[in-house]
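Here is a walk through one protein model. Keep the sequence and the 3D view open as you read.

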Amino acid sequence: RSKDSGGTRKTTTAADGSFRFEGVTEAESVNLQAWAKGYLLTKTELNFVGEDLTGIWVELDESNLVQGKVVGPVGEPVANIRVGCFAPGMEGDYTAMVETRLDGSFEIDTRAGEVLFAYAPGYSLGWAVALEGEETVLALQTLPPPTRVRIVGEGGDPAPMLRFSY
């Protein structure tokens, strides 16, 4: 089964694990991403130019279901926010992403020792190392109010439309 969703084609394997590329020309390269519950995201680049792609073999690494909770500064649960995971060597791409429940809890397919992160408006980025066999807690801290800055010229006059970076 194949579906095109805005430049990304998606398909599901048959019962025997086989799949077909549909709508791919011989001049394309494809970044294949494969995932399933209980397995880590696997990425492979395939170049269709002059290659025989009838026997592609993608092997998925098993994951562990890591359980955790996201809490705010005084231990209150932080609900409906994203928790992600970065695995070593994944070039900055997340390998899993889930959302917390109302009680701040989550379950994510990853491995013990990988870095989990959580972010939410009004909080600093929280992170923790995924633990095996015990709850992983990501504690977020409230962000301080923004610092207000006024930029003026030499005479103290406002400097409108000035470009700056920080």
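Start with V115, which lies in strand β9, residues 115–119. Strands here are DSSP runs (E, at least two residues), helices are runs of H or I of at least four, and both are numbered from the N terminus. This is a predicted model: local features need pLDDT of at least 70, side-chain atom pairs count only at pLDDT 80 or more, and totals for chains, interfaces and linings use all residues. Residues are numbered from 1 along each chain as its sequence is written, and side-chain values use heavy atoms, with hydrogens and water left out.

V115 counts as partly exposed because its relative accessibility is 33%. The scale is simple: buried means under 20% relative accessible area, exposed over 50%, and partly exposed in between (1.4 Å probe, protein chains only). V115, W127 and V129 make a nonpolar surface patch of about 290 Å². Patch residues have over 30% relative accessible area and no salt bridge; nonpolar side chains (Val, Leu, Ile, Met, Phe, Trp, Tyr) are joined within 5 Å, like charges within 9 Å. A salt bridge is a side-chain nitrogen of Lys or Arg within 4 Å of a carboxyl oxygen of Asp or Glu.

Now turn to T110, in strand β8, residues 105–110. T110 is buried, because its relative accessible area is 0%. Its side chain makes a polar contact of 2.5 Å with the side chain of E114. Such a contact is a pair of N or O atoms within 3.5 Å; within protein, one must be able to donate a hydrogen and the other to accept it, and residues adjacent in sequence count only if both atoms are side-chain atoms. Not counting residues up to four places away in sequence, T110 touches L40, S63, N64, V66, C85, L116 and A130. Contact means heavy atoms within 4.5 Å.

The largest nonpolar core has 16 residues, and V70 and L116 touch the most other members. Strands β5 (64–71), β6 (82–86), β8 and β9 each give two or more residues to this core. A nonpolar core is a set of buried Ala, Val, Leu, Ile, Met, Phe, Trp, Tyr and Cys residues joined through side-chain atoms within 4.5 Å. Beyond four places in sequence, the contacts of V70 include V83, F106, A118 and L140.

N80 sits in the loop between β5 and β6. Its phi is near 55°, a positive value in a residue other than glycine. N80 is partly exposed, at 47% relative accessibility.

Finally, step back. The protein has 0 helices and 11 strands. Buried residues make up 25% of its 166 residues.

How values were computed
Areas by Shrake-Rupley, 256 points an atom, 1.4 Å probe, with all protein chains shown as cover.
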